[in-house]
Amino acid sequence: MRLKRVGMGLVGAGFLADKFAACYRQDPRVKLVAVSSRTEAHARSFAEKHGIKVWYTDYEEMLRRDDIDAINVCVPNFLHYPVTVSAAEHGKHVLCTKPLAVSTDQAEKMVRACRRANVKFMYGENWLYTPAAERIREIIREGGLGRILAIEAREQHSGTHSPYALKREYCGGGVLIHMAVHPIGFIMHMINKPVRRVYAELGNLLHNIEVEDYAVLLMRFEGGESGIAQSNYITKGGMQDRIEIYGSQGMAFINLTHENPIRIYSDVGYSYVVEKASMSKGWTSPVIDENYQYGFCNMVSHFVTCILEDKKLLSTGEFGRDVLRVVFAGYESNRKKIAVVP
Ligand SMILES: NC(=O)c1ccc[n+]([C@@H]2O[C@H](COP(=O)([O-])OP(=O)(O)OC[C@H]3O[C@@H](n4cnc5c(N)ncnc54)[C@H](OP(=O)(O)O)[C@@H]3O)[C@@H](O)[C@H]2O)c1
């Protein structure tokens, strides 16, 4: 029997879970049933903030509920694998945030577990669901840029808010796996051909941390197209998510985080400009609706539609696994100083 409403469980109650919860709350097709977070006080205050009646400190316990149809994985990267596999074994649909896992082996096992359980497995690459990506996809499809030849894209800021992202054990690496997955995924989605070679240069330019704070990765696709993804923790002035698309008959520049319709000058500053911006005095361009502009609400709405109407996902677990293959080819390339086949 087809579901009429999706009972949702959130695993994690931090930064990302807060954004997802805000989006789900706007969707009448969703009931936010429960949240789980390791620290009880966090789980409780998150539940109170979002009007969720039940909270857990053990996600396994939450997964045993019959009124939860799907879960959102919003915990640190090393937990994506055990949470997803367990959720699939409990028959729950899964939306897993980026990166899919901390190894390609884990990613493959997650894909297999979801296939075995016949549940939807979505890779939460929010860049693909931004209004800007939706519009540029239409323009590319109608031939407005000609044949896509090259895409350069970057996500950069001055440093992560999450302590888990600074440890290889929890994160899987540094900015390459944690942030460059966004531009890599975007480029792979838009070019939509197999990646034949990967070359990467990584380093620590500023921070004394055990993982890289700087990454440049070059992809060569089957048709000769090229993609360059860059990420770092050395960029001041707030989150920079920028894309350049070069086609045989046109080009496009996309700025996901800055260049908003508002420009403000303030001597005294105000509370929020854009993610990771450290000041708001002088001239700034505040983001208007981050959850919409960054694609979070469109992404979770797509997940819900695909569950309720049994539709094909735009970004599947398989796609997330393929993005990770490119990432780990990048790590190998940097170690060996050669191009690597993913
Ligand atoms: N644009 C995007 O797609 C985007 C943006 C941001 C983050 N992310 C991804 O979202 C995930 C979470 O990031 P975040 O920024 O939300 O992190 P965060 O703010 O640090 O929150 C992490 C959450 O995970 C819980 N947690 C930590 N260790 C745990 C453990 N051992 N067992 C159970 N729960 C544990 C924390 O619980 P307590 O606090 O209760 O201890 C907290 O609720 C990461 O994979 C990150 O890559 C994606």
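I began with the side chain of Ser37, where an N or O atom lies 2.5 Å from an oxygen atom of the ligand; I note at once that the model is predicted. For the side chain of Thr39 I found an N or O atom at 2.7 Å from a ligand oxygen atom, and for Leu16 it is a polar backbone atom that lies 2.9 Å from an oxygen atom of the ligand. I then looked up the cover, and the protein takes up 85% of the 920 Å² of accessible area that the ligand has on its own. Around the ligand I counted 24 residues, of which Ala13, Ser37, Thr39, Asn77 and His161 are the closest.

Next I turned to Lys19, which I placed in helix 1, residues 15–25. Is Lys19 buried or exposed? Its relative accessibility is 10%, and because buried means under 20%, Lys19 counts as buried. Leaving aside residues up to four places away in sequence, I listed Glu290, Asn291 and Phe296 as the residues that Lys19 touches.

Last I went through the largest nonpolar core, which has 108 residues, and recorded Tyr24, Ile71, Ile184, Phe186, Met219 and Ile245 as those that touch the most other members. Helix 11, residues 296–308, gives the most to this core, with nine residues. Domain 1 (6–125) and domain 2 (128–295 + 325–336) both contribute residues, so I describe the core as lying between them.

Definitions and conventions. Residues are numbered from 1 along each chain as its sequence is written. This is a predicted model: local features need pLDDT of at least 70, side-chain atom pairs count only at pLDDT 80 or more; totals for chains, interfaces and linings use all residues. Side-chain values use heavy atoms; hydrogens and water are left out. A nonpolar core is a set of buried Ala, Val, Leu, Ile, Met, Phe, Trp, Tyr and Cys residues joined through side-chain atoms within 4.5 Å. Buried means under 20% relative accessible area, exposed over 50%, partly exposed in between (1.4 Å probe, protein chains only). Helices (H or I, at least four residues) and strands (E, at least two) are DSSP runs, numbered from the N terminus. Domain bounds come from an automatic or database domain assignment. A residue is near a molecule or strand if one of its heavy atoms lies within 4 Å of it. A polar contact is a pair of N or O atoms within 3.5 Å; within protein, one must be able to donate a hydrogen and the other to accept it, and residues adjacent in sequence count only if both atoms are side-chain atoms. Accessible areas come from the Shrake-Rupley method with a 1.4 Å probe; for residues, only the protein chains shown count as cover. Contact means heavy atoms within 4.5 Å.
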